[in-house]
There are 2 protein chains.
Amino acid sequence: MTTIDFYFDFISPYAYLGSVEVERIAARRGWSVRWQPMLLGITMFKVMGLKAVPDTPLKGAYALHDMARFARFLGVPLDPMAKLQFNPLAAARAFVWLQIAAPERAKPFAIAVYSAHWCDGRDMGEATAVADVAAGLGIGRTALLDAIASQPVKDRLRQSVDDSIARGVFGAPTFVVGQEIFWGADRLPQLERWIETGGW
Amino acid sequence: MTTIDFYFDFISPYAYLGSVEVERIAARRGWSVRWQPMLLGITMFKVMGLKAVPDTPLKGAYALHDMARFARFLGVPLDPMAKLQFNPLAAARAFVWLQIAAPERAKPFAIAVYSAHWCDGRDMGEATAVADVAAGLGIGRTALLDAIASQPVKDRLRQSVDDSIARGVFGAPTFVVGQEIFWGADRLPQLERWIETGGW
C-alpha cells in the first residue's frame, strides 16, 4: 500500500486544510497517510532564518484572505476568526505521546484538535483545552497532562522535528512519498498524479 | 473581456512557468493577460525582510528540485542548469521601455527573454544578451541599450514596482483579477475557477 508521510504543525491553517484533503485523496485511492509532527517555529526561525507568515509584511495580509478562500475552494470548514498565533507545543507533545501510548488514537486526536481550533474557535494553545479535546475521545485528561510535561515526551517531539529537518521538510503541510517531497496543500494534485503515474 | 494582471520577475523560474500556463489558460478561455513587471529582490528583501529562495536553507534545495518537476508536470521546457541568480534589471527596464515605445512588442520580448534564460541557457543578466534577444524581434540594439540607461526608464520601472507593492503583490508569479490576488503558479487552477464562476 502506498504510504504518504504528512508533516504537519497544529499552528498552520494550510496544514489543517491539507490534512483534510490528503485524507480524502487517500480514502479515494486506498492509500494510507502517516501523520508526522513538526514545528514550523523551530524550522523556519532557527534553521531557515525566516519570520512567521502573520508577521511578514504583505504576505501576512494575503495569507489571511487566502486561507479562507482556499478553504471554500476545497469545501473544508474554516473559521476565519480562529486564532492565528498560539503555542502548538502541548498539542504536538500530546500527539507524540499518543503515537506510543495509544497509536490508534493519535490521528483521531490530531483531527479533533485541528477541528477544535480551526472550526470551533477553541484555543489549542492551552494545554487544558487540548486535554478537553482528548477527553472527548476517551483519553484521560490527567494522563495527557502528565505526559506532555514529561522529559521523554518532550525529547520525542524534538526528535520528530529533527527527523523532519533531516528529511528536508521545511514547511507545513509537506507530503512525502518515497524520496519525493511536495510542499503545500496546493501541491496535492501533483502528489496524486505522482503516485498514480509512478513519477514523471 | 476578462483581464488577468500577471506580475512577474525575470529572475523567477516559477514566474516563467506561470507565464506559459496563464497564457495557455487565457487562450483557451478568450481572456487577456496584462504583464506587469515587479522586482522580487526589492519587494522581498526591503519590504518583507526575507532572503532569496536559493539562499534559504532547506527551501533552496527543494526549489531546485521542485521547479524542474513542476515544469515537467506542466509540460513546459526548462533547463535545470539555467543560472538561478542574475540581475534582472536590464531586462525589466527594457520591458517597461517597450510598454511605452512599442507596446505590441513588450510581451513577445518578455516571452523571448524567459525562453532564452530558462530554456536556452543564455544569461539574461547581461544587458548585451538582452539586446540580442530584442534584436531577434526587430528591436534596435542601440535604442534598447540607450533606453535602459536612461533615468525616465529607470523611474518607470521603480514606479511599476511601487505600484505592485501598493496592490499587495509580494511574490512572483502573482495573478490578479479585479481585487482578487492569487500568488503562485500552483494557484492557476483556483484563478481559472474564480473567473469561471465569478468567485466563491
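## Phe70(B)

Phe70(B) lies in helix H3 of chain B; helices are DSSP runs of H or I with at least four residues, and strands are runs of E with at least two. With 3% relative accessibility, Phe70(B) counts as buried (under 20% relative accessible area with a 1.4 Å probe, protein chains only; exposed is over 50%, partly exposed in between).

Beyond neighbours within four places in sequence, Phe70(B) is in contact with Arg187(A), Gln190(A), Tyr14(B), Leu17(B), Ala185(B) and Asp186(B) (heavy atoms within 4.5 Å). Asp186(B) is 116 residues away along the chain, with 8.9 Å between the two C-alpha atoms.

## Basis of the model

This is a predicted model: local features need pLDDT of at least 70 and side-chain atom pairs pLDDT 80 or more, while totals for chains, interfaces and linings use all residues. Residues are numbered from 1 along each chain as its sequence is written, chains are lettered from A in the order written, and side-chain values use heavy atoms, without hydrogens and water.

## Helix H1 of chain A

Helix H1(A), residues 13-29, has 17 residues and spans 24 Å from first to last C-alpha, close to the 24 Å expected at 1.5 Å a residue. Its buried residues include Tyr14(A), Leu17(A), Val22(A) and Ile25(A). The buried residues of H1(A) pack against elements of chain A, among them strand S1 (3-8), helix H3 (59-74) and helix H9 (188-197).

Just after H1(A), Gly30(A) has a positive phi of about 75 degrees.

Methods: The expected span of a helix is 1.5 Å times one less than its number of residues.
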